[in-house]
Amino acid sequence: MAEEHGKIRARLRDGAVQVKAIIRHPMETGTRKNPTTGELIPRNYIREVICEHNGKPVLTLDWGWGISANPYLAFRIRNGAPGDTVTVRWQDDQGQQAALEATLS
Amino acid sequence: MNRRDLLLQTLTAAPLTALCAAGLLPRRLLADWPQAAFNAEHLDEVERLLFGGQVAEDSDRVKINAPEIAENGRVVPVEVSIDLPEPQTLVLLSDANPYPLLARARFTPEVEPELSVRVKLGESANLIALVQADGALYRASRAVKVTSGGCGG
């Protein structure tokens with residue numbers, strides 16, 4: 001898992017998979033000013049998030065710039081097993097994409 | 001290197017157009033982000049754009065957990081849990097944000113109908129959850145007092 005894109009943890013509990021992720025992204029609203037230059041920092045935010053279990057989408061999210069910076073996300077997959085992979089992938093309004101992946105132990 | 005490793009590496013480096021051309025992008029990532037709803041400035045307009053004229057009924061089977069008082073409006077933790085059979089869509093809004101729509105989640109039967117996120121609240125607001133389940137629309141809300149606002153500098 002690449003620290004540069006954030007952190008993800010997926011844990012098996014009673015057969016369900018608790019997934020917690022923190023995605024590294026500034027989620028700029030476009031209304032914040034650079035403290036030194038006084039210039040507006042352009043809007044830049046994650047729009048779409050796809051959560052996958054063993055490569056299959058199980059939860060999809062549409063986000064706006066009202067989601068906090070370095071967004072936290074937690075959800076639960078109903079049935080999991082050791083060896084399963086959980087992936088959180090996203091795309092922002094600039095077309096930048098990245099993903100976080102965890103394997104259940 | 002297997003295809004997945006290549007895909008993950010490529011996703012983080014390549015521009016969108018190259019990925020499209022290579023056929024590596026999941027189609028979902030190019031789809032239906034609700035632009036008009038995210039840009040709407042009034043709550044009723046957001047609801048109309050997302051749900052037409054459908055009337056929502058208040059339900060205590062949709063629970064919003066959020067702090068009563070948020071000291072940092074830039075990071076307000078919100079948990080929504082839904083005790084309805086097979087909800088499809090959850091929409092989270094703030095009635096006092098300049099753009100009320102915060103997020104939309106679409107569930108498959110593979111996940112529990114619950115979600116935790118963190119949102120920005122510019123000022124004290126009501127968080128509103130709208131849930132579409134089996135063709136019906138349900139609503140819950142929760143007041144959050146904000147002592148230090150979250151949208152601007």
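View 1. Ala10(A) has Val19(A), in strand 2 of chain A, as its bridge partner. Strand 1 (residues 6–13) and strand 2 (residues 16–23) of chain A pair in the antiparallel sense over eight bridges, where two strands pair if DSSP finds at least two bridges between them, and strands (E, at least two residues) are DSSP runs numbered from the N terminus. Two residues lie between these strands in the hairpin, and Asp14(A) in the turn has a positive phi of about 55°. This is a predicted model, in which local features need pLDDT of at least 70 and side-chain atom pairs count only at pLDDT 80 or more, while totals for chains, interfaces and linings use all residues. Residues are numbered from 1 along each chain as its sequence is written, and chains are lettered from A in the order in which they are written.

**View 2. Strand pairing between chain A and chain B.** Strand 4 of chain A pairs with strand 6 of chain B in the antiparallel sense over five bridges, and Leu59(A) stands opposite Phe107(B). Strand 5 of chain A and strand 7 (residues 114–119) of chain B are also antiparallel, paired over two bridges, with Ser116(B) as the bridge partner of Ala74(A).

**View 3. Strand 6 of chain B and its hairpin.** Because six of the seven residues of strand 6 (residues 101–107) of chain B are buried (20 or more other C-beta atoms within 10 Å of their own, with C-beta atoms placed from the backbone), this strand is largely enclosed by the rest of the structure. A hairpin through six residues joins strand 5 of chain B to strand 6 of chain B, and Leu92(B) has Ala103(B) as its bridge partner.

Terms used:
Helices (H or I, at least four residues) and strands (E, at least two) are DSSP runs, numbered from the N terminus. A residue is buried if 20 or more other C-beta atoms lie within 10 Å of its own, exposed if 12 or fewer, and partly exposed in between; C-beta atoms are placed from the backbone.
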